[in-house]
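This report is meant for someone meeting the structure for the first time. Please look over the sequence and the model before reading on.

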Amino acid sequence: MAKENSFGKAEKLTSVKAIKKLFSMGRSYKAAPLAACFCQWHNTKNVKVQILVSASKRIFKHAVDRNRAKRLMREAYRLNKNSFLKQLPEDITLSIAFIYQSYHLTDFKTIENSTKILLAMIVDKYKQQNCNKNSNENQSSSAV
């Protein structure tokens, strides 16, 4: 039985093929100090969302700072994951990359707020897409 707020190995995006597709075909949103790049992906693991967390060596010269930024981003996602998954349409599987973009390491509350904003933007995008798909299906079925 998995814990409710866990962040397991299956939820981590590690496939080189999936990462290349994510950055080449994905859409991105920004909410300072984070950016999120995401795309729909049919993963082989039984999870709805796989994420990648990144902090640039160009921005943070010391590994300690990079690791702290990544740890804070993972924790913010882990705490907000359940509400995000409940709002996401059932047939959607996603790959998401969270990228830290500020030159200064901020506190956890700022990172968590940015994560919530980005996750809400992603949910809104797929809810709109589902609404458009459903309205198109209804129009085509009523025309027949």
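In what order do the elements of the protein chain run from the N terminus on? They run α-β-β-β-α-β-α.

## Basis of the report

This is a predicted model, in which local features need pLDDT of at least 70 and side-chain atom pairs count only at pLDDT 80 or more, while totals for chains, interfaces and linings use all residues. Residues are numbered from 1 along each chain as its sequence is written, and side-chain values use heavy atoms, with hydrogens and water left out.

## The chain as a whole

The protein chain has 3 helices and 4 strands, where helices (H or I, at least four residues) and strands (E, at least two) are DSSP runs numbered from the N terminus. Of its 144 residues, 40% count as buried; buried means under 20% relative accessible area, exposed means over 50%, and partly exposed covers what lies in between, with a 1.4 Å probe and protein chains only.

The accessible surface of the protein chain comes to about 8,900 Å², and 52% of this surface belongs to carbon and sulfur atoms; such areas come from the Shrake-Rupley method with a 1.4 Å probe, and for residues only the protein chains shown count as cover. Among contacts (heavy atoms within 4.5 Å) between residues at least 6 apart in sequence, 79% join residues at least 24 apart.

Helix α2 takes in residues 63-87, which makes 25 residues, and from its first C-alpha to its last it reaches 35 Å, close to the 36 Å expected at 1.5 Å a residue. The expected span is defined as 1.5 Å times one less than the number of residues in the helix.

## Aromatic pairs

A search of the whole structure finds 5 aromatic pairs; rings of Phe, Tyr and Trp (its six-membered ring) pair if their centres lie within 6.5 Å, and planes under 30 degrees apart count as stacked, over 60 as edge-to-face and the rest as tilted. One of these pairs is made by F60 and Y100, which counts as tilted because the ring centres are 5.4 Å apart and the planes stand at 40°. This pair links distant parts of the chain, with F60 in the loop between β3 (49-55) and α2, and Y100 in strand β4 (residues 94-100), 40 residues apart. Both F60 and Y100 are buried.

Y77 and F98 form an aromatic pair that is also tilted, with 6.0 Å from centre to centre and 45° between the planes. Here, too, distant parts of the chain are linked, since Y77 belongs to helix α2 and F98 to strand β4, 21 residues apart. Both Y77 and F98 are buried, and together with F7 they form one aromatic cluster.

How many disulfides does a search of the whole structure find? The search finds 0 disulfides, a disulfide being a pair of cysteine sulfur atoms within 2.5 Å. The sulfur of C37 has its closest cysteine sulfur in C39, 7.0 Å away, which is too far for a bond. C37 is buried at 7% relative accessibility, and C39 is buried with a relative accessible area of 7%.

Both cysteines are touched by L22, whose contacts, not counting residues up to four places away in sequence, are L13, C37, F38, C39, S95, I96 and A97. L22 lies in helix α1 (residues 16-25) and is buried, with a relative accessible area of 0%. L22 and C39 are 17 residues apart in sequence, and their C-alpha atoms are 5.8 Å apart in space.

A cis peptide bond joins A32 and P33, with omega at about 5°, and P33 has its place in the loop between β1 (27-31) and β2 (34-40). Leaving aside residues up to four places away in sequence, S114 touches A31, A32, P33 and L34. S114 lies in helix α3 and is buried, with a relative accessible area of 4%.

A120 is also found in helix α3 (residues 108-143). Is A120 buried or partly exposed? At 34% relative accessibility, A120 counts as partly exposed. A120 and L88 are 32 residues apart in sequence, and 9.6 Å separates them in space, C-alpha to C-alpha.
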